[in-house]
Structure formats: C-alpha cells, structure tokens
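Subject: Structure handover

Hello,

The structure you asked about is below. Please look through it first, then read the notes under it.

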Amino acid sequence: LSEAGFLKSAEREASGFYPRLLIDGWKYSFSLSDSTQVTDFPQIAYAVRVVSVGLLRLYDRTHDVSYARMAGLAASWFTGNNVARAVMYDPETGRGFDGINDTTTVNRNSGAESTIEALMSIQEVEQVSQAEEWLFARAEPAVQATVDGASYFYRVFSKQETDESRSMAVFLDLTTQK
C-alpha cells in the first residue's frame with residue numbers, strides 16, 4: 001500500500017490489523033461482518049511475507065522504527081515464533097516449508113513458492129538492522145487487560161542478546177477498534 005501511494009491506508013493497516021496478527025496469531029481467513037467467523041489454519045509462508053515486507057516498505061517511507069521492529073516480529077514466524085513452535089525455514093538447505101496445518105502439525109513440503117517466500121522475507125528483514133534484531137524473537141501468551149476503563153490486548157516478545165535479554169510489547173487498544 002505504501003509503495004502504491006496509499007500511505008495513510010498502509011499506516012492504518014500497520015497500526016490496527018498487523019498488531020492483531022502478531023498478538024492473536026496468524027489467520028487463514030476471517031469475516032469482516034461476523035467477528036466469530038475466523039479460520040486459523042492453514043498458516044502459509046505467503047501470508048507472512050506480505051506482512052513482513054509490507055511493514056518494511058512502510059518503514060522505508062516513514063522511518064518509523066516500530067514498523068521495522070514489527071517486520072522482524074512477523075518474519076520470526078519462519079524462525080519458530082509460531083503456534084507450532086516450528087522452524088519454517090531451514091538455513092542448511094535453504095528450504096522454506098509450506099505451512100502449519102494446526103497447532104502441532106507442520107506441512108514439511110517445500111514447494112518453490114514457499115521457499116521463495118521464506119528466502120525473500122528473511123533476506124529483506126536481514127537488510128534492516130531494526131527488523132533483523134527481532135527475527136529470532138519469541139512470544140509470551142497474549143494478554144487482555146483493562147486499565148482506567150480502556151481495554152488492551154497485548155503480547156510481549158523477547159529476544160536474547162549476547163549478555164542481556166530484551167523485551168518489547170505489541171499493544172492493540174480494543175477500546176478504539178471498530
């Protein structure tokens with residue numbers, strides 16, 4: 001969206017929709033008219049690339065480091081930060097796996113499309129240091145909390161550095177979501 005000149009739309013997507021995916025998990029499909037109609041699986045590499053690279057393009061346009069960080073968090077799906085806790089990209093062979101079928105089953109097929117999506121996503125994230133530093137992040141369970149009458153949905157992501165651990169939270173203000 002940002003590359004096509006729809007910067008405001010890209011920012012709305014990055015501040016409203018993408019945090020929901022990072023907090024609540026990747027979705028295969030959902031209904032805009034009925035919030036109970038959500039399908040979680042399968043989760044596929046194509047969906048992850050769209051989010052991670054879309055956030056990088058938005059970072060390129062705005063220089064807002066939060067978009068780069070979220071791009072790294074999105075791409076961490078490939079490195080095992082997913083519902084199955086499975087590494088979806090094998091750096092030894094360069095293969096990207098096709099997807100996650102449910103909370104415990106990974107589709108280990110590695111079609112050309114999935115491999116290309118994984119390789120290109122990781123390659124682009126690695127070119128932006130603020131994104132790359134979150135590529136191997138791990139998430140705590142999602143939390144919903146109410147503070148001073150406002151309802152928030154958030155998840156804390158952590159990364160291990162050489163001698164210290166760092167964390168970052170992604171928040172979504174449910175009070176303002178429509």
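Buried means a relative accessible area under 20%, exposed means over 50%, and partly exposed lies in between, with a 1.4 Å probe and protein chains only. By that scale Lys27 counts as partly exposed, because its relative accessibility is 23%. Asp24 is also partly exposed, at 36%.

Some background on the values. This is a predicted model, in which local features need pLDDT of at least 70 and side-chain atom pairs count only at pLDDT 80 or more, while totals for chains, interfaces and linings use all residues. Residues are numbered from 1 along each chain as its sequence is written, and side-chain values use heavy atoms, with hydrogens and water left out.

Salt bridges

A salt bridge is a side-chain nitrogen of Lys or Arg within 4 Å of a carboxyl oxygen of Asp or Glu. The structure has nine of them. One joins the side chains of Lys27 and Asp24, with 3.5 Å from N to O.

Another joins Arg49 and Glu117, also listed at 3.5 Å, N to O. This pair links distant parts of the chain: Arg49 is in helix 2 (residues 45–62) and Glu117 is in helix 4 (residues 112–126), 68 residues apart. Helices here are DSSP runs of H or I with at least four residues, strands are runs of E with at least two, and both are numbered from the N terminus. Arg49 is buried, with a relative accessible area of 16%, and Glu117 is buried at 18%.

Arg57 and Glu124 meet in a salt bridge of 2.6 Å, N to O. Here too helix 2 is linked to helix 4, by residues 67 apart in the chain. Glu124 counts as buried, because its relative accessibility is 17%. Salt bridges that share partners join Glu3, Arg49, Arg57, Asp60, Glu117 and Glu124 into one network.

The second largest pocket

A pocket is an open set of points on a 1 Å grid over the protein atoms alone, where a 1.4 Å probe fits, with protein on both sides within 12 Å along at least five of seven lines; lining residues have an atom within 4 Å of a point. The second largest pocket has 24 lining residues, and Gly25, Asn81, Asn82, Val83 and Arg155 lie nearest its centre. Helix 1 (7–24), helix 3 (65–75), strand 8 (138–139) and strand 10 (150–160) each give two or more residues to this lining. Helix 1 gives the most, with three.

Regards
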